[in-house]
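Here is a short briefing for a reader new to this structure. Keep the sequence and the 3D view open while you read.

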Amino acid sequence: MNSQTRVQEQYELWLKDEAIDAATKEELRSISGDPKEVEDRFYRDLEFGTGGLRGVIGAGTNRMNVYTVARATQGLARFLLKSGKKTPSVVIAYDSRNQSPEFALETAKVLAGNGIKAYLFESLRTTPELSFAVRYLNADAGVVITASHNPPEYNGYKVYGSDGGQLVPDQAKQVIAEIRSVESFADVKRSSRADAEKAGLLEWIGEAVDEEYIRAVTAVSLNSELVREMSDDFRIVYTPLHGAGNLAVRAALGAIGFEQVHVVAEQEKPDANFSTVKSPNPEEREAFALAIAEGKKIDADILIGTDPDCDRMGAVVKDANGEYFVLSGNQSGAIMIDYLLGRLQERGELPANGVVVKTIVTSEMGAVIAEHYGAKVLNTLTGFKYIGEKITQFEQSGEAEFLFGYEESYGYLAGTYARDKDAVVASMLICEAAAYYKSKGKTLYDVLQELYERHGYFLERLESRTLKGKDGVEKIQGIMEDWRRQPPVELNGLQVTKVEDFLQGLYGLPVENVLKFTLEDDSWFCLRPSGTEPKIKVYFAVRGSSAQAASDAIDKLVQTVMSRVDHH
């Protein structure tokens, strides 16, 4: 069947299907005169990747809607029922996005229709609390309805295993196979909310789980006594960027003794349209505009922001001139590793078999710092699920003790209570570090400069190109094939000393469409199509003898590589 025939057949099937409601059909009829729009909605099924579904909200097979959510849940139910357990259970959470509560309830009703118990949070919660709750409630799986920091028109559906980590590829493959076996919406078993509650297959959860989660997060704190001493003179500005983090972040900060926590009022309440920002992403300086204005007003020591589902944290600190400086994910990670391992060493609590886990596109600076303290460093593929998988392996084998995991895209975890990145614990730790260093007359910016002096001037950059729709998918594939078929031998007069193609399943890691090139001066760049957005991402890293040398080197490397990427 050619793609155009498939599009038309699927479009007509949705219009005829009695299981599909009138409003959805009306939406589809309204686009009948726009062949490109019809094609984009129906040229494929919304792909269930290793992390789950993510897409634009709307009617169609390539969109997020109650039907694609129900079909995915039916597949998940079949996967869980094959385990042989009489009544498996699943925890469900959701963030502040459009239709998140509806998608979460639909998930619970389909699970109940299959005889599976759903624990559903009574209102929005963070993704890391979902990861914690799966473990705390001894559930067999978890689902969180979120599209992380994507634009407001997106939503998503992430699936977690019984260890509280996102599904790894082997598990995801099995779930995907079950989803594909759901050929018609008529195959979806669904219970009503009332029937599910009556049968004990839908249980609402909330405050009791929240309390245990905050207790687990704050157990990671190393200096709450000092925080309490500094509390009168240490000011924090926090923005949840209209997302799910507000209550949890404030609870954790308050629990260890921070009293001066100022929330950006305009961004405090959940807002599915993220109306005060271009993008609800703490990786971008623009997202901190209101926080910086508030910080200047009250002379804040640190500003922190979390994304809509509160698994990513960004921090802003004062530079040498007293201006607010946005830390990169790599810089925040390096500071937290140095703080955490340094304090554990001071107390004689640094384990001999301690391990820091990072991803292949994350700066080597954190690795150098960890090794300075005698910790081992492991690299994983991009995606926190691989870091979570390592924690579970360490627990089972006893071979190592997990100290810290992080990725350059603002994801961090300390402690083993969860298996996903946690902006709540990261917010707490970086504020605690800032208070600790303030007690010694330093800002986190001063600490960063000291780390550069000690370990080298590491500098990283990320360039991404958004290429939407079917044409964009093909263009991204073409760019990857171009670099794969014709890898450079040298760049800017430097020999390429290593080419790593992760499609070959290197180092015992799962297969992934990622290319990494290392040059003779140990600088590197990496090409990777995003698994959750229509983007190709290109990561760059250099290590210089000075800030200026590193800046010049990375500018040159970015210009050379991106001119070829953009030329394709």
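Contact here means heavy atoms within 4.5 Å. Angles run from 0 to 180 degrees between N-to-C directions. With those terms, helix α16 (residues 423-438) lies across β7, β9 (302-306) and β10 (313-318), and runs at about 175 degrees to β9. The model is predicted.

**The five-stranded sheet**

- An open sheet of five strands has the order β8-β7-β9-β10-β11. Its pairing is mixed.
- The edge strands are β8 (260-263) and β11 (324-326), and each pairs on one side only.
- From one strand to the next, the twist averages 25 degrees.
- Strand β7 (residues 235-239) runs parallel to β8, and four bridges join the two.
- Val 237 stands opposite His 262 in β8.

**Helix α11, beside that sheet**

- Helix α11 spans residues 246-255. Its buried residues are Asn 246, Ala 248, Val 249, Ala 252 and Leu 253.
- What do the buried residues of α11 pack against? Their partners are α9 (207-218), β7, β8, β9 and α16.
- In general, an α-helix has 3.6 residues a turn, so residues three or four places apart point the same way.

**The six-stranded sheet**

- A second topic is the open sheet of six strands, ordered β1-β5-β4-β2-β3-β6 with mixed pairing.
- At its edges are β1 (52-56) and β6 (202-205), each pairing on one side only.
- The twist averages 15 degrees from one strand to the next.
- Helix α4 (residues 66-81) packs on this sheet. The helix touches β1, β2 (89-94), β4 and β5, and its direction makes about 5 degrees with that of β5.

**Strand β5 and its partners**

- Strand β4 (residues 141-145) pairs with strand β5 (residues 154-160) in the antiparallel sense, over four bridges. Val 144 has Lys 158 in β5 as its bridge partner.
- β1 and β5 also pair in the antiparallel sense, over five bridges. Here Val 56 has Tyr 154 in β5 as its bridge partner.
- In a regular strand, side chains alternate between the two faces of the sheet.
- In β5, Tyr 154, Gly 156, Lys 158 and Tyr 160 point one way. Asn 155, Tyr 157 and Val 159 point the other way.
- How many residues of β5 are buried? Seven of its seven residues are, and the strand is mostly covered.

**The second largest pocket**

- The second largest pocket has a volume of about 980 Å³.
- It is lined by 42 residues. Glu 283, Ser 328, Tyr 410, Arg 461 and Leu 462 lie nearest its centre.
- The elements that give two or more residues to the lining are β11, α13 (329-346), α17 (444-455), β16 (457-466), β21 (535-544) and α19 (547-567).
- Which element gives the largest share of the lining? That is β16, with eight residues.
- By class, the lining has 20 nonpolar, 11 polar and 11 charged residues.

**Two single residues**

- Thr 380 has its place in strand β13 (residues 376-380).
- Is Thr 380 buried or exposed? Its relative accessible area is 1%, so Thr 380 is buried. The cut-off for buried is under 20%.
- Leaving out residues up to four places away in sequence, Thr 380 touches Val 357, Lys 358, Thr 359, Ile 360, Tyr 386, Ile 387, Lys 390 and Leu 509.
- Ser 546 lies in the loop between β21 and α19.
- Ser 546 counts as partly exposed because its relative accessibility is 28%. That class lies between under 20% for buried and over 50% for exposed.
- Ser 546 and Tyr 452 are 94 residues apart in sequence. In space they are 8.5 Å apart, C-alpha to C-alpha.

Notes
Residues are numbered from 1 along each chain as its sequence is written. This is a predicted model: local features need pLDDT of at least 70, side-chain atom pairs count only at pLDDT 80 or more; totals for chains, interfaces and linings use all residues. Side-chain values use heavy atoms; hydrogens and water are left out. Two strands pair if DSSP finds at least two bridges between them. Buried means under 20% relative accessible area, exposed over 50%, partly exposed in between (1.4 Å probe, protein chains only). On a 1 Å grid over the protein atoms alone, a cavity is a set of points where a 1.4 Å probe fits but cannot get out, and a pocket is an open set with protein on both sides within 12 Å along at least five of seven lines; lining residues have an atom within 4 Å of a point. Grid points are joined across faces, edges and corners, and a volume is the space filled by probe spheres set on the points. Ala, Val, Leu, Ile, Met, Phe, Trp, Tyr, Cys and Pro count as nonpolar, Asp, Glu, Lys and Arg as charged, and the others, Gly among them, as polar.
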